[in-house]
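Try each task before you read its solution.

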Amino acid sequence: MQETVPTAAPPTLLDGWVVHERPEEELAAPEARAVAQARLVLELHVPDPGPEPTLEAFNVFAERQLAPTVLLMRASLDALLESLGPLEAGDASARRMALLLSVAANAHAASEVLGVPTPIEVRDDAELRRVFRAALAESVRSVAQRAVAAAERCKREASSYPPAFQPWRARCAEVARELRDHATAPPRPARAERRPSQAEAPDFPADCAGAPRPMGRESPLPDESRPRRLVVLLEDGVPEAARGPLRQALRRALPRRPGVPRAAPAAYLDTAERLVSERRWSDDAPICQQAPPLHAVLAERVPNPVVAAVSGRCEEGAPTCSLRVWFRHGTLMSRAMPAPLAATVAEPDNPDAWLDAVASLEPLERRTGVVGTLRGGAGGAKMRFLEETEAAPVLRVRLRLADHLDALAACLPPGTAASVAVAWDIDTDGATLRPRVQAGSLPSGADAAALEACVRDVLDQVGWRCPRNGRPEPVAGRLCIARPAAS
């Protein structure tokens, strides 16, 4: 009888590339966490605005689809960076893994940003096209810098890697070559020649140094221990008269396609949408100042959703519209999801035509590449909140403060910057409780008491999402504000 020779367990892979010689089940906990976090980054993908979006369509796409994905990408990269710390202090295998995960995740994110198509109105104007692409590159500069720094180090060290890791040598060289220009900021005028704009806010005080705490996820990751269930979400562009029948038609038709699971009960989504419209987490919860996110409410009933996001795209003057269906795993844009679908709606004003289009849905070709958004200009007020507490991510404290940036900036004299220590509680209904403000670094001649009173009044006006645990949520940190001279 021939003796069976046991086969060696496979090494740990990330998207098909070896990142550790040991099998994944044998990794130490910090190593396993880092690999999981890197996979989360690689699963994030931006929706496709189409091969030739108009400027108007691109702006809608950037606001409603791109920006939320960008926030999640940034939070995921921050979480990955934090998870790599223990590996960089570990043995040679752990340090190598940290480097390779950094190359893969940051290069993936940067390439996606730079793959965003140029709007038609911008594409044919050389100067506008240059400005648009430069803005894209600037929005991903820090990500590209991390990718190139890691790739250059990988190039230097790869010759000493074990054979299984040798393919990284060429990959790291390619990443460094492709992203090097995007990692380098364009030259600025010499300081003596530079004249600050009246619309440009001054720098923050020295006590505002440091990066804000990553916001984290506002809704839970899909729970893969539970069965996947389809949820059909209707977004913009579908006529009101067609929305109900179209959702029902898609709930019946989509599960017949490969990779699409059985639909969750319609009542689950109806209940979640009603609660969000009522600004409640549940029927017995208080009415909040701000509505909770739909995905977080829905997760209570559908913990592992495959979301079919349905929209209508109607170009101005065109006789037909397009019905589009994009699949997400919860809030994640994942390549493992079914391909997006599209069909022509021959008579957009006829609700029945939208139902007829369901039978004609065909796969769309997916654009390669993932995440980023355009920043605003250099002018305007700016704010930084360095949180000392760990408020629940779903409260989105920093974003709500940013919604009140103009009011906060009005607390300062034009052309100045200041810092204040702030603390308050978010009540169970989302109201601000007991705001406390203490002046920190102030511009010369500033009235500390007046500044404190003004910031306190602004905080009093902010409405928050309700804390999910039903108890007041404490928030504290350093709030930094800068106001331009011309405002």
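**Exercise 1.** Decide whether W17 is buried, partly exposed or exposed.

*Solution.* This is a predicted model, so the value is computed from predicted coordinates. Step one: take the relative accessibility of W17, which is 27%. Step two: compare it with the cut-offs. Buried means under 20%, and exposed means over 50%. W17 falls in between, so W17 counts as partly exposed.

**Exercise 2.** Classify the aromatic pair of W17 and W168, and say which parts of the chain the pair ties together.

*Solution.* Start with the geometry. The ring centres are 5.2 Å apart, and the planes are at 55°. Under 30 degrees would be stacked, and over 60 would be edge-to-face. The pair is therefore tilted. Next, place the residues. W17 lies in strand β2, and W168 lies in helix α7. The pair ties together parts that are 151 residues apart in sequence. Now check W168: its relative accessible area is 1%, so W168 is buried.

**Exercise 3.** Classify the pair of W424 and W464, then find the aromatic cluster they belong to.

*Solution.* The centres are 5.4 Å apart, with 20° between the planes. That angle is under 30 degrees, so the pair is stacked. W424 sits in strand β9. W464 sits in the loop between α14 and β11. Both are buried: W424 at 0% and W464 at 0%.

**Exercise 4.** Which charged residue sits over the ring of W17?

*Solution.* Look above the ring of W17. The charged end of R171 sits there, 4.5 Å from the ring centre.

Methods:
Residues numbered from 1 in each chain as written. Predicted model: local features only at pLDDT ≥ 70, side-chain atom pairs only at ≥ 80, totals over all residues. Heavy atoms only, no water. Phe/Tyr/Trp six-rings, centres within 6.5 Å; stacked < 30°, edge-to-face > 60°. Helix = DSSP H or I, 4+ residues; strand = E, 2+ residues; numbered from the N terminus. Buried < 20%, exposed > 50% of the residue type's maximum accessible area, 1.4 Å probe, protein only. Lys NZ or Arg CZ within 6 Å of the ring centre and 35° of its normal.
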